Amino acid sequence: MMADPVAEAWDTVHAAVATARAEVRAAAPDKATAADGEAYVARILTTCLTDAFLGHLTVEGGLTRALLTRGGPNPDYRIYSAPIDQAGRYRLEGRLNGSERVGIGTYSFANGVAVISNYTAFDAGTGDGFALDVSADVEGPNTLTILPGARMFTIRVLHRDPRAEPARLVLTGGPPVRDLCLAQGSTEAALGQVAQALVGSIRMFLEWSAVTSMSKNAFIAEEPKMAQGVQGDPDTIYYLGAYDLADGEWLEVVLPPNISGYWSLHAYDHWCEHLPGASMGDNAAIADGDGTIRIAIGPSTGTATPNCIDTLGRKSGALIIRAISTGSVPVPQTTVHAGET
């Protein structure tokens, strides 16, 4: 009987799903978190399948829109990517519209992790419209040099106003989409990519959830082994933490006054999936008289504190603070409280 490479590739995917489910189940601290983990594996699998089989539906203006499912994504961002050819010549044209910032990076890869190669950014201070020429030999203003080893563009659009039109971006110079996309060029190869990406993603972010879980009700700077994966934007300061609360408890996070520029605090479940609406940022937080910002986090924060993050019934999970700031931002202080705020 002749081998069927597609059937064998599907078997590889099924084995990868079984592996991912088993490793997530083993890492779950309780039954409720394990139940969240099953849906988490399904969402990561969906993302991997989309990457491998639906690229033609996620490309606009030469850029692929990323699904924000992996590793503590920032819901304030719209993220786009495109492959890089070292010999290629590209032009990115854009208009900010109602977005606050566009960060453009080129990335290489080390051990499956994207590593910043070169980077630039545009915001309201640089004008609404912009253009960027990108190649290995380009120099001067409004250019980005492709450094050796760079394989991918990643573009982060900071967009928080739901009523405003987001930034418009068009990348030219890349290969056109001519057919129904298959990553790696064949069904069996695309399925192989799915299997590898699923297990790789799950294992990487199990490490992240383990690290954040150790910092209970507190924040730390990202560890060196996580820094490459966390530091997607070199202009951003990151603090990682976790909430781990008993019945009736809530966590107070205190941010110092005078943080200039963008900052955000987002709550996630144990698997580093963002919880819808569980966010606070400089565009919405209400400060004390001295400028201090106090944020209550948990499933039962009450309503007296103006800045509340509802963790949607979850008593434990990850927290990430990001700041794009011209000055230093000290590690935020935290206190666990019991009862209503």
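Reader: Which side chain does Arg160 meet in a salt bridge?
Author: Glu100, with N to O at 2.8 Å. Bear in mind that this is a predicted model.

Reader: Where do Arg160 and Glu100 sit in the chain?
Author: Arg160 is in the loop between strand S9 (152-158) and strand S10 (168-172). Glu100 is in the loop between strand S4 (90-95) and strand S5 (101-110). The two are 60 residues apart, so the pair links distant parts of the chain.

Reader: Is Arg160 buried or exposed?
Author: Arg160 counts as buried because its relative accessibility is 16%, and the cut-off for buried is under 20%. Glu100, at 32%, counts as partly exposed.

Reader: Different spot. What does Asp247 pair with?
Author: Asp247 forms a salt bridge with Lys315, and their closest N and O atoms are 2.7 Å apart.

Reader: Which parts does that pair tie together?
Author: Asp247 lies in the loop between strand S12 (237-244) and strand S13 (249-255). Lys315 lies in the loop between strand S17 (308-310) and strand S18 (316-324), so the tied parts are 68 residues apart in sequence.

Reader: And how accessible are Asp247 and Lys315?
Author: Asp247 is exposed at 66% relative accessibility, while Lys315 is partly exposed at 37%.

Reader: What about Arg163? Which residue does its side chain meet?
Author: Asp161, in a salt bridge of 3.4 Å, N to O. Arg163 is exposed, with a relative accessible area of 78%, and Asp161 is partly exposed at 29%.

Reader: Last one. How many salt bridges does the structure hold?
Author: 18. Separately, Arg21, Arg25 and Glu38 are linked in a network of salt bridges.

Methods: Residues are numbered from 1 along each chain as its sequence is written. This is a predicted model: local features need pLDDT of at least 70, side-chain atom pairs count only at pLDDT 80 or more; totals for chains, interfaces and linings use all residues. Side-chain values use heavy atoms; hydrogens and water are left out. A salt bridge is a side-chain nitrogen of Lys or Arg within 4 Å of a carboxyl oxygen of Asp or Glu. Helices (H or I, at least four residues) and strands (E, at least two) are DSSP runs, numbered from the N terminus. Buried means under 20% relative accessible area, exposed over 50%, partly exposed in between (1.4 Å probe, protein chains only).
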